[in-house]
Structure formats: structure tokens, C-alpha cells
Amino acid sequence: MLEVKNLHVTVGDKEILRGIDLTIGAGEVHAIMGPNGSGKSTLSYVLSGREGYEVTQGSITFKGRNLLAMSVDERANAGVFLAFQYPIEIPGVTTMTFLKTALNAQRKARGLEELDAVRFLKLVREKAKPLNISDDMLKRALNVGFSGGEKKRAETLQMSILEPVLAVLDETDSGLDIDALKVVAEGVNRLRSPERSMIVITHYQRLLDYIVPDVVHVLSRGRIVRTGGKDLALELERTGYAGFGADAA
Amino acid sequence: MSKSMTAAATSFVETFEREQDNLPGAQGWLALARKNAVTAFAAAGLPHRRVEEWKYTDLRQLLDKANFEAAPTHQGAVLLPTRASACAFKSIAAYKMVFVNGACRADLSHLAGLPKGVELHPLADVLSEHWAKNLIEHDAHENGATRIIDLNTALMRDGVALRIRKGVTLDKPLHLVFLSADKGASHARNLIQLEEGANATILESHHEADATTYFADRVCDIALDKDARLEMVRLIDEAASALHLSSLRVRLGEASEFAAFTLLMGGGMSRCQTFVTFAGKGGKAHVDGVMALRGAAQGDVFCHTDHAVPGCESDTLYRSVLDDEATGIFQGKVIVRPDAQKTDGRQMTNALLLSRDAAMNAKPELEIHADDVQCAHGSTIGELSKEAVFYLRSRGIPEPEARRLLVTAFLDEAIDRIAHIEARDALRILAAGWFATGTGGAA
């Protein structure tokens, strides 16, 4: 599904990622843990194609294609989805309009017929309900004035509707209380399937109690310093990042 | 000749001297009013940038350069532009009055079935009536922006005089279409009086009809009596080398409501002036609009709101999107006079620059002489948010579509203030189309 080889990335003059190797198979959930500044968010932005992140060495192959040669929207249409740590406010564009535009853009890119208003509304209501997203929230401008929990639920709703092949969850737990975290984690777990891979980026082990990963990687100073099973996260929780040759954050 | 009399100003005065006996109202009070106006105009000359209210537009220079004679009377067929804006209001059932080069063309107008109590006449027919005199001799405070109305008073030939009697509602909008079919200057004057409790919606379209260079000078004097309500939705999309100047002077009586929305999309230079005076308690005025400009177009919005009495509300929101080398200007002033306690006055201008060569000048001002008021004003000028574009693209929306979505959402927040639903929808579609085509505006 995804193969990252010897990835080096600089932002400005600073090298942030210094040789990442990562292979994720279909249906697998990989957690990437690490202290602040280790390069976690940089990895998520490079995968999504954000400007300002320069790949100086290495490659990323997604479903056999060179991901780095694809534009931001081409990546999304190929099935890459980034759940933002800080979702961007879009004034004047209602959540509903946004969802419809995005879904139909992706369907069009895949040669599928656009959904009409009735079928679209049915789909949104069905996906919004378990996330406790009301019609009222869908009528508000996307992320504008949303609480931290509402923003993360809205990201999860987008993911449920767009049904990506590779979902990258960047610090999805940040800013959430335990109840909101459960709702979001349940939403994510419903999306787990043999065809869908996930990268769960987090600073804390807490999220991984709810979204249980198949593989855990520890990222430090731009490199993956250790890889293990889900127990690795628990070990990290006890010893802290310092025990893994990483700077304590 | 004084120093203020540059070539264009001299030409206007000469036109007046030549034509004065043929202008409507030459036998009555208006003859003197015209003489006074032309004297005042000759003393002041055309406005230029040292006049504070014209800080960013040099009308004197523009008119001197263009050197217009009076536009001829146009009797033949007129050719409408093919742009979407020229038929934006087409599907709205409305009474229609068409003016070509400032003169009414009955053959192109449809006014059948006006309700009883709605009086609609050509300007010339009402000039001996009191209400028309009161409107033309508007007694509000003068300033550097109102002065240019003297030119219109001196030279106006035609226009619409609309009076709606007490308690009467105009059942369909009145659509006023102003077309310029020949090179030259034309001066139209509209008078609108809504008596107590009367209610109307007016749509306006301003376009060229086969002409490329012209000066369209339009003045509209409005008086709303107690509890009257008027909404105006105006679309100004003139030819790329035209000069457009429109002035709305509005006097609001007790508890009356006025709303004007202006979509300004084309023209070489288009200036829209609005002067609102509250004359009775509890009045409400909305003066909103959108400027969507590209090419070398210049849009200049001037809003002056005078809170002379207590307890009135005024609110202005202008959103501008400027591409290529377009220039947008917003000058606004809210005056709250000493007696005007409990005033609520708001003025906001936001501009998006889509190109490095586009420019916006914004100067909202408050002048408050009362102490128990709520007033706010603000201005923002910025680029389309790169982060927002990235966010939308990361969901699969291609970049042009992402930009369109953000720009139209930005404009829609102003357009959504229009109460008349069909007019609102028409302008939403037009604004979205303007951005999508890239040639729908000033081209």
C-alpha cells in the first residue's frame, strides 16, 4: 500500500526528516509516536503534499505510484486523507456544501457519477449520526467557531464520507476530553477494514487504548528509532521517550 | 473663467448655456435651480484628488481626457451586451423601464398593470409638483462628494419619477435599465417618494449598449415617509472604458427602512455614492455591496451616513475581490450628531486581492458627537488564504475549484444581505460566474 524509502525532508534550511523507512500493508494500522519536534507532523504533511516541505532524498510509493509526483488533490483523489491536527476554518462555506463539493470532486476524478442532493443528504445523515453531528452543525461554516471536539468530529465525518484508502491521523487526540476522544476513536474504528490502512500520529499512548495499532514506530530526530507491536506504546508510557535514545520533550 | 474650469467643466457649462431653454422645467422654479446649480458647479469645478471625499479618484482628469460632448438622443434599436450580467434579472417578473442615453424609451418598457396608488412618470411630467421639488432641493448637509450632483441638476433631462401612495405595496419589483448607446455624457435623474407605509423593491441595471466610451451620470433622490420600506438591488457593469457616476440621496422618515445593495463589476471607472440621512427616529438603513473587478477597472464606493436623530440603525458591508490591475476604493463616513443618542452605526469593508498588481484603498471613518451610541467600523485587505486552499485541495477539490469556492463564499456573505430572494440568487450566480469565467467582468 505505502512504501516510504530513505525519506529526507527539509523545511527552510532545516532537515526535519533524516531517512525514514516505512512500509504499510493494506488494512494495517501503524502508530507513529515521538516527542515534540521529532518530525511527526512533517511526515503527515509530506504525505499530503503541503507546500514548503522539500524532499531532498528518498521516495514514497503509494499503490505502486510515485506519490511525490502527484498534486495535493490528485493524492486525495487517489485515496490519501489527512485528518488535520488543527483543521482550517473556511468562512462562508457550509460544512454541507464543502462535503458535497469534496465528495463529488473525488467521484468525478474516479470516473463515477456525481451524487444527487437526495442521495448525498441521506449519506451525510447516516454518517453524521454516530458522530453526534447535528444538521445545525452541518449548516455552519466549516470549522468556523467549532470547538476542539467539533473540529475533530468534523474531520472524522469527512473521512467517513470520503472513504480513503490511506488515512493519516495527525494528533487526533489533541484538544479532546475523554468523551470526545471515545466518539472520535469509535468513528475511526468503524472505518477499519482490510482495504484501508491508517497512520495514527500521536504524542501520547492514551489514543492507542482506543485505536489499537498493529505496529508502533518511535520517531526521534527525524528517524524511526524503534518499531514494535502494540505493547511498545505501553513500554513508552512507562519509560518515556528518553529510554529510546530520544530527547525528552 | 476661474481656475477650476478645466476643459470638461467648461464643456458642461457650455452645454447648459446652449440647451437651458430646451431642458425640461425651463418655465418654472427649476430654471432658477438649474442656474444656481451651474453657478455652483462652475465655482467648484470637477472633483479631483485634493477634495478629501475624492481622495483616490480624479474625475476632473478622467473627464478632461475623455472630452465628452452630450450624448445624442438615441431612437433606433439598441444592442445589449451578451454578458451574463445583462440578463441577470431576466427571469424575475418585474415592471420594466428602459433608459437609453439617459432618456426613457417607452417602446422598450413594460409598465402595464401597475397597482392603484403607484404613480410612475417620466421626470419631465412631475417637475411642477411639490414633492418633486422637495426631492430635488434635498436639504441635507453638503460635502465634497454631494457637490457633483449640481452637474446633474443643471443638465438632467429625463429619469423616472415614482411616487407610491400611503400604504401601497408595489406588487412586483420595478426594474430600471440604464443603457449607454452612444459616445458622450448623459445625466439621468430619478425621484422616488414612498408615502407612509408604502413598500417597494427596485432593481437597477447599468450597461453599455454598443457604446464604448461614455459618461453615465445618474442621481436618485429618495424620500421614505414613516414606516415606508424600500429595497434597491443594483448591478453596475459598464463598458471597459466608460465612466460611471451614481449618487443615491436618501432621506429616511420615522421607522422607515432602506436597503441598497450594489454589485459593481465593470467599467473603466465606476463611482457609487450613497448619502443616507435619518430624519425621523427608529429608521434603519443597510448600504451593502460587492466589487468584483479585473483588468484595469477602478471601483470607487463612497458611503456617507448622517445620524441626525436618535435611535436609528445603519449598517454597511462591502466585500471586494480585485484581480489583475484592478483598484478598489471604499470611503465611508458615519456621522452621529449630538442629539442622535442610541445610534447603532456599523461600517465594514473587506477586500481580497487576487493579484500582486491589484490594489485596495479603504478609509472608513466615524465622527461621533453623542455619548450613548454603538458604533463600529473596520477594514481588512488580504490574499486568499493558502492554508484554506491547501485544506480544500487535501480533500480532492482541484485548485481552481477551491479558489472559486473560497472567493464566492467571501462575496456571498455580503450578497446574502439582499432580502429579495430571486435578486439575491441572481447576483450569487453572477458573482460565481464572474470568478469562474475570468472574462465575465471588465472584459
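Q: What counts as a strand in a description of this predicted model?
A: The model is predicted. A strand is a DSSP run of E covering at least two residues, and strands are numbered from the N terminus. In chain B, β1 (95-100) and β2 (103-104) are named in this way. The term therefore stands for a DSSP run of E of at least two residues.

Q: In which loop does N101(B) lie?
A: N101(B) has a positive phi of about 50 degrees although it is not a glycine. The elements on either side of its loop belong to chain B. N101(B) lies in the loop between β1 (95-100) and β2 (103-104) of chain B.

Q: Is N101(B) buried or exposed?
A: A residue is buried if 20 or more other C-beta atoms lie within 10 Å of its own. N101(B) has 28 other C-beta atoms within 10 Å. N101(B) is therefore buried.

Q: Is A255(B) buried or exposed?
A: A255(B) is found in the loop between β10 (243-252) and β11 (257-264) of chain B. Although it is not a glycine, A255(B) has a positive phi of about 55 degrees. The cut-off for a buried residue is 20 or more other C-beta atoms within 10 Å. A255(B) has 20 such atoms within 10 Å, so it is buried.

Q: How many helices and strands does chain B have, and what is its radius of gyration?
A: Chain B has 9 helices and 19 strands. For 443 residues the globule rule gives 22 Å, and the chain comes close to this, so it is as compact as a globular protein of that length. The radius of gyration of chain B is 21 Å.

Q: What percentage of the residues of chain B count as buried?
A: The C-alpha atoms of chain B fill a box of roughly 70 × 50 × 50 Å along the principal axes. Among contacts in chain B with a separation of 6 or more, 84% are between residues 24 or more positions apart. Of its 443 residues, the percentage that count as buried is 53%.

Q: Are α8(B) and α9(B) roughly parallel or roughly antiparallel?
A: The axes of α8 (residues 399-415) and α9 (residues 421-437) of chain B come within 10 Å and cross at roughly 150 degrees. Angles over 145 degrees count as roughly antiparallel. The two helices, α8(B) and α9(B), are therefore roughly antiparallel.

Q: Which residues of α8(B) make the contact with α9(B)?
A: α8(B) passes α9(B) in a right-handed crossing. On the side of α9(B), the contact involves R424(B), L427(B), R428(B), A431(B), A432(B), F435(B) and A436(B). On the side of α8(B), it is made by R404(B), V407(B), T408(B), L411(B), D412(B) and I415(B).

Q: What is the radius of gyration of chain A?
A: The secondary structure of chain A comes to 9 helices and 10 strands. Its C-alpha atoms fill a box of roughly 55 × 40 × 35 Å along the principal axes, and 42% of its 249 residues count as buried. A compact globule with 249 residues would have a radius of gyration near 18 Å, and chain A agrees with this, having 18 Å.

Q: Which strands stand at the edges of the open sheet in chain A?
A: In chain A, 4 strands form an open sheet in the order β2-β1-β4-β5, with antiparallel pairing. Each edge strand has a single partner strand, so one side of each is left without a neighbour in the sheet. The strands at the edges are β2 (14-24) and β5 (65-66) of chain A.

Q: Which strands of the sheet does helix α1(A) touch?
A: Helix α1 (residues 40-48) of chain A packs on the sheet. Its direction makes about 70 degrees with that of β2(A). The strands touched are β1 (2-11), β2 and β4 of chain A.

Q: Which residue stands opposite L7(A) in β2(A)?
A: β1(A) and β2(A) run antiparallel and are joined by 8 bridges. They form a hairpin with 2 residues between them, and G12(A) in the turn has a positive phi of about 65 degrees. The residue opposite L7(A) is I20(A).

Q: Which helix gives the most to the side of chain A that touches chain B?
A: In the interface, 20 residues of chain A are in contact with 17 residues of chain B. The elements giving two or more residues to this side of chain A are α2 (72-78), α3 and α6. With 5 residues, the one that gives the most is α3(A).

Conventions. Residues are numbered from 1 along each chain as its sequence is written. Chains are lettered from A and ligands numbered from 1 in the order in which they are written. This is a predicted model: local features need pLDDT of at least 70, side-chain atom pairs count only at pLDDT 80 or more; totals for chains, interfaces and linings use all residues. Two strands pair if DSSP finds at least two bridges between them. Two residues are in contact if their C-beta atoms, placed from the backbone, lie within 7 Å. Axes are lines fitted to C-alpha atoms, for helices over the stretch in contact, and angles run from 0 to 180 degrees between N-to-C directions. The radius of gyration is taken over C-alpha atoms; the globule rule is 2.2 Å times the number of residues to the power 0.38. A residue is buried if 20 or more other C-beta atoms lie within 10 Å of its own, exposed if 12 or fewer, and partly exposed in between; C-beta atoms are placed from the backbone. Angles under 35 degrees count as roughly parallel, over 145 as roughly antiparallel, 65 to 115 as roughly perpendicular and the rest as oblique. A crossing is left-handed if the near helix is turned anticlockwise from the far one by less than a right angle, and right-handed if clockwise.
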